[in-house]
Amino acid sequence: MTERVAFVLRVRPDKIDEYVAAHANVWPEMLEALRNAGIRNYSIFRDGNQVFGYFETDDAAASGEYMAAQEV
C-alpha cells in the first residue's frame, strides 16, 4: 500500500537562496538513495520561505531508516 508523506517547514530568510540552489541541482547520489529507499513522486513547493514537501513510499518508516543510514 502506498503511503503519502507531507511536511511543511520554514527556511530562515537568510538561507532561502542557499536552499533553492541546493534543490535545483540535487546530487545524483541523493537521487539514487531516494530511489533505493523506495521514495517516489517527491515534490517540493515554495511560497517565500515556507516549503511544502510531498512524496510517496510503500513504507515511510523503512524509507526513513534507510535514508538515515546513508552518507549522502
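Modeller: Two strands are said to pair if DSSP finds at least two bridges between them. Strands are DSSP runs of type E with at least two residues, helices are runs of type H or I with at least four, and both are numbered from the N terminus. The model is a predicted one, in which local features need pLDDT of at least 70 and side-chain atom pairs count only at pLDDT 80 or more, while totals for chains, interfaces and linings use all residues. Residues are numbered from 1 along each chain as its sequence is written, and side-chain values use heavy atoms, with hydrogens and water left out.

Along its principal axes, the C-alpha trace spans about 35 × 25 × 15 Å.

The three strands make up an open sheet in the order E1-E3-E2, with antiparallel pairing. Strand E1, residues 3-10, and strand E2, residues 40-47, stand at the edges; each has a single partner strand, so one side of each is left without a neighbour in the sheet. From one strand to the next, the twist averages 15°; such angles run from 0 to 180 degrees between the N-to-C directions of axes fitted to C-alpha atoms.

Each of the two pairings can now be followed through its bridges. E1 and E3 run antiparallel and are joined by eight bridges. Within this pairing, Arg 10 has Gln 50 in E3 as its bridge partner. On the other hand, E2 pairs with strand E3, residues 50-57, in the antiparallel sense over six bridges. Arg 40 stands opposite Glu 56 in E3, Ser 43 faces Tyr 54 of E3, and Phe 45 has Phe 52 in E3 as its bridge partner. E2 and E3 also form a hairpin with two residues between the strands, and in this hairpin Gly 48 takes a positive phi near 65°.

Most residues other than glycine have a negative phi. Asn 41, however, has a phi near 55°, a positive value in a residue other than glycine. Asn 41 lies in strand E2 and counts as partly exposed at 48% relative accessibility. By the cut-offs used here, buried means under 20% relative accessible area, exposed means over 50%, and partly exposed lies in between (1.4 Å probe, protein chains only).

Tyr 42 is also found in strand E2. Tyr 42 is partly exposed, with a relative accessible area of 38%. Leaving aside neighbours within four places in sequence, Tyr 42 is in contact (heavy atoms within 4.5 Å) with Phe 7, Leu 34, Tyr 54 and Phe 55. Although Tyr 42 and Tyr 54 are 12 residues apart along the chain, their C-alpha atoms are separated by 5.6 Å.

In soluble globular proteins, nonpolar side chains tend to be buried together. In this model, the largest nonpolar core has six residues in all: Ala 33, Leu 34, Ala 37, Ile 39, Phe 55 and Met 67. Such a core is a set of buried Ala, Val, Leu, Ile, Met, Phe, Trp, Tyr and Cys residues joined through side-chain atoms within 4.5 Å. Beyond its neighbours within four places in sequence, Ile 39 is in contact with Leu 34, Phe 55, Glu 56, Thr 57, Ser 63 and Met 67.

Glu 32 counts as partly exposed at 43% relative accessibility. The C-alpha atoms of Glu 32 and Met 67 are separated by 11 Å, and the two residues are 35 residues apart along the chain.

Two totals place these details within the whole chain. Of its 72 residues, 19% count as buried. Among contacts with a separation of 6 or more, residues 24 or more positions apart account for 68%.
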